[in-house]
Amino acid sequence: TFTVTNRLRTAGGQYRHYRVRAAAVLAGGRLLEWIGTETDVEDEVRARLRLELLGRATAAMAAELEPEAELRALAESVVPGFADVCTLHILDTPGMATPEATRRRIVVAGPDLPADLARSGIRKSGDDPISESIRTGKPMLVHYPLEPGSPWAANPVVGRWVGEIGLHSALIVP
């Protein structure tokens, strides 16, 4: 008998995890046939991966003493297993839902930011996905490339970086 779990592409184009279990049917020492089952185990795999991610993040953060080092450890624990890049921002202004809120980028895990973008770490919130998520208090899923004329596509440095690293989507969580 054997058991194997594989990630397969479904007819609908999505990927899911399936567990295959098979047993050989023998007669007189000869293989007659295989009998097996295939079970969708996507929920089980995702739950295990979430727990592993939380364990890595917790252990990494617990090993640090300074708040910014904890956040850096958090970002680095999700790259590359969960995400290709992770940026964390802290709001320096208490009224985070206001347009005047200033945010400071404190860490990037993954591909380095272009130097001209990294230097602009402190900025006023504007019309971009991060600022919108902060204002609304809701997570956002952004797909790239952005539509031409989108106010979010106004920063050419960000657009160039997104293209260079091959970003196709971003999850933004306030």
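**Group meeting: an aromatic pair and a helix pair**

Hi everyone. Phenylalanine 2 counts as partly exposed because its relative accessibility is 38%, with buried meaning under 20%, exposed over 50% and partly exposed in between, using a 1.4 Å probe and protein chains only. A word on the source: this is a predicted model, where local features need pLDDT of at least 70, side-chain atom pairs count only at pLDDT 80 or more, and totals for chains, interfaces and linings use all residues. Residues are numbered from 1 along each chain as its sequence is written, and side-chain values use heavy atoms, leaving out hydrogens and water.

Now the rings. Phe, Tyr and Trp (its six-membered ring) pair if their centres lie within 6.5 Å, with planes under 30 degrees apart stacked, over 60 edge-to-face and the rest tilted. That rule gives 1 aromatic pair. The ring centres of phenylalanine 2 and tryptophan 34 are 5.6 Å apart and the planes sit at 70 degrees, so the pair is edge-to-face. Tryptophan 34, at 48% relative accessibility, is also partly exposed.

On to the helices, which are DSSP runs (H or I, at least four residues), numbered from the N terminus. Alanine 73 is in helix 2, residues 67–78, and counts as buried at 10% relative accessibility. Leaving aside residues up to four places away in sequence, alanine 73 touches Ala60, Met61 and Glu64, where contact means heavy atoms within 4.5 Å. The C-alpha atoms of alanine 73 and alanine 60 are 5.4 Å apart, although 13 residues separate the two along the chain. Thanks, everyone!

How values were computed: Helix = DSSP H or I, 4+ residues; strand = E, 2+ residues; numbered from the N terminus.
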